[in-house]
Amino acid sequence: MRTFAAIMKQLIIIVLLTAMAAACSQSYEETKRLNRAERYRLWQEDSAAFKVAVMPTLDCMPLYVARELGLFDSLGVKVRLKPFTAQMDCDTALAGGSVEAAVTDLVRAERLVGQGTPLRYVAATNAYWQLVTNRTARIRQLKGLDDRMVAMTRYSVTDLLADAAVDSARLKPERVFRIQVNDVHIRFRMLQDNIMDALLLTEPLATAARMAHHAVVLDTREMDASFGVIACREKALEPSARQEQLKLVMKAYNQACDLLNRQGVAAYGELMSRCCGVKREVADSLPKSIRFSHAAEPRQQDIERARAWLKQKDS
């Protein structure tokens with residue numbers, strides 16, 4: 001038979017284990033409750049903020065600068081920049097309603113409009129695109145694209161420009177192989193790794209490509225074409241509070257444009273390196289002529305050009 005002391009010892013152990021289990025259960029439940037409350041708080045903050053889908057591209061720099069220098073906060077507007085590396089993902093976020101605005105191009109934007117997502121263009125950006133050819137391919141003219149691979153994104157400005165290059169060189173469309181590579185960093189690595197013969201890039205990756213001695217055979221600045229744009233979902237702007245937010249966002253955007261123009265892009269080289277995923281020296285090598293314009297609607301001729309190309313593509 002067990003002694004009284006042994007029985008008491010066992011009871012004490014049972015009581016202690018029960019107490020520990022209850023404490024752990026209470027702690028777990030408390031943690032769950034706090035995590036739930038924290039998630040709800042963050043969700044509320046994110047929902048109330050004005051969210052913009054951005055890319056690792058030069059035309060997004062005014063937004064990056066405005067966030068970095070606290071220009072949004074100084075105006076009392078909460079802004080969340082949502083980074084993507086593929087334009088299609090930006091546009092999916094815009095169409096799906098997880099962001100109020102996106103930095104995109106007019107071809108992608110007009111396609112969204114055609115698919116039933118009404119948009120408001122609040123700014124034309126300074127984005128330009130270059131058709132860069134691999135230095136190992138030794139392509140110096142557009143006609144050299146015959147029987148070559150070109151990386152681009154379908155139903156985007158890069159798709160339009162690939163068609164323009166083919167038409168300009170009077171090549172047979174089936175003789176230029178358009179390869180869809182949506183992620184801009186992967187596209188650039190395919191150039192560096194000599195996987196792709198040619199590809200379409202915007203800044204700062206276009207400068208990084210030129211620094212690596214890859215040739216440029218097409219530049220939208222020589223085509224009197226401007227396709228960069230910041231677009232907002234019309235539905236997202238229905239509440240008056242959102243419209244007030246947008247005004248403040250664009251005010252901070254304009255302030256950032258002034259700073260970039262006055263100080264030069266190189267002054268924000270570290271920021272560009274972080275946000276655009278390029279080496280610091282790329283900022284120093286960007287064209288000195290680059291300027292950032294205040295928010296204004298894109299030109300009607302550029303919108304019409306995007307619409308005409310989409311109509312032809314879908315016919």
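Let's start with Tyr155: at 23% relative accessibility, Tyr155 counts as partly exposed, because that class runs between buried, under 20% relative accessible area, and exposed, over 50%, with a 1.4 Å probe and protein chains only. Before I go on, please keep in mind that this is a predicted model, where local features need pLDDT of at least 70, side-chain atom pairs count only at pLDDT 80 or more, and totals for chains, interfaces and linings use all residues. Residues are numbered from 1 along each chain as its sequence is written, and side-chain values use heavy atoms, with hydrogens and water left out.

So, what does Tyr155 pair with? The structure holds 1 aromatic pair, and its members are Tyr155 and Trp309, arranged edge-to-face at 6.5 Å centre to centre with 70 degrees between the planes. For the cut-offs: rings of Phe, Tyr and Trp (its six-membered ring) pair if their centres lie within 6.5 Å, and planes under 30 degrees apart count as stacked, over 60 as edge-to-face, the rest as tilted. The pair links distant parts of the chain, 154 residues apart: Tyr155 is in the loop between S6 and H6, and Trp309 is in helix H12, residues 300-314. Helices (H or I, at least four residues) and strands (E, at least two) are DSSP runs, numbered from the N terminus. Trp309, at 7% relative accessibility, counts as buried.

S6 (residues 148-152) runs parallel to S7 (residues 176-180), joined by 5 bridges; two strands pair if DSSP finds at least two bridges between them. Met152 has Gln180 as its bridge partner in S7. S6 also pairs with S8 (residues 198-202), again parallel, over 2 bridges, and there Val150 is partnered by Ala198.

Finally, have a look at S3, residues 101-105: 5 of its 5 residues are buried. In a regular strand the side chains alternate between the two faces of the sheet. Here Ala101, Val103 and Asp105 point one way, and Ala102 and Thr104 the other. S3 pairs with S10 (residues 228-233) in the antiparallel sense over 5 bridges, with Ala101 opposite Cys232. On S1 (residues 50-54), which runs parallel to S3 with 2 bridges, Val52 has Ala101 as its bridge partner.
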